Amino acid sequence: MVILVGECGSGKSSIERVLIEKFGYEKMTDTDHIFARFHEAGRKKKVCTLTPEEVRKLRVRTGSQNSIDVFYIKVSRRDRLMRMFQRGDDIDEVFSRDKTDMERYRDIEKEADFVLPNRKNFSDPENMAYWITECVNGNFYKSRNG
């Protein structure tokens, strides 16, 4: 199962859409459903977006870190804010979510299996989805020890 984590404006939804449309993944929704049916999903081509808290909860409940691949989509704060403004998000909500995200995602790089930088020359969602499938297929080592 592929789990995408990242601050608001990092590109998770766009990458998830490409994984579904072009790479045959199935979207898992409803966090409780994901936890309850995790063992059925196992290594099947499933994708979902979770918060760091939800990832931690899933890992505790499953007891197996090898059945999920957590991808942190890393984007600079400046680029994230620009993306949110460009897509028309309310300015007060943008700054509120940014403040929350700065705390929530503080050490997520240490917990993610893979860290994918989403920057100008790498930011195309199709390119990001391709690299995710390469990682899932074992063509790259996990970045997290454990």
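**Pockets, cores and fold**

The second largest pocket is lined by E7, Y72, K74, V75, S76, R80, M102, Y105, R106, D107, I108 and E109. The model is a predicted one, in which local features need pLDDT of at least 70 and side-chain atom pairs count only at pLDDT 80 or more, while totals for chains, interfaces and linings use all residues. Residues are numbered from 1 along each chain as its sequence is written, and side-chain values use heavy atoms, with hydrogens and water left out.

**Pockets**

- A pocket is an open set of points on a 1 Å grid over the protein atoms alone, where a 1.4 Å probe fits, with protein on both sides within 12 Å along at least five of seven lines; lining residues have an atom within 4 Å of a point.
- The second largest pocket holds about 150 Å³ of space, a volume being the space filled by probe spheres set on grid points joined across faces, edges and corners.
- Its lining has 5 nonpolar, 1 polar and 6 charged residues; Ala, Val, Leu, Ile, Met, Phe, Trp, Tyr, Cys and Pro count as nonpolar, Asp, Glu, Lys and Arg as charged, and the others, Gly among them, as polar.
- Both β4 (69-74) and α7 (108-111) supply at least two residues of that lining; helices (H or I, at least four residues) and strands (E, at least two) are DSSP runs numbered from the N terminus.
- The largest pocket has a volume of about 180 Å³, and its lining consists of C8, G9, S10, G11, K12, S13, R83, R87 and R97.
- By class, the largest pocket is lined by 1 nonpolar, 4 polar and 4 charged residues.

**Nonpolar cores**

- A nonpolar core is a set of buried (under 20% relative accessible area, 1.4 Å probe, protein chains only) Ala, Val, Leu, Ile, Met, Phe, Trp, Tyr and Cys residues joined through side-chain atoms within 4.5 Å.
- In the largest core, of 16 residues, V2, L4, I15, L19, F71, I73 and I132 touch the most other members.
- The largest share of this core, 4 residues, comes from α8.
- Leaving aside residues up to four places away in sequence, I132 touches V2, L4, I15, L19, F71 and L116, with contact meaning heavy atoms within 4.5 Å.
- A second, separate core has 14 residues, including L50, V55, Y72 and A112.

**Overall fold**

- The chain contains 8 helices and 5 strands, in the order β-α-β-α-α-β-α-β-α-α-α-β-α from the N terminus.
- Of its 146 residues, 43% count as buried.

How values were computed. Buried < 20%, exposed > 50% of the residue type's maximum accessible area, 1.4 Å probe, protein only.
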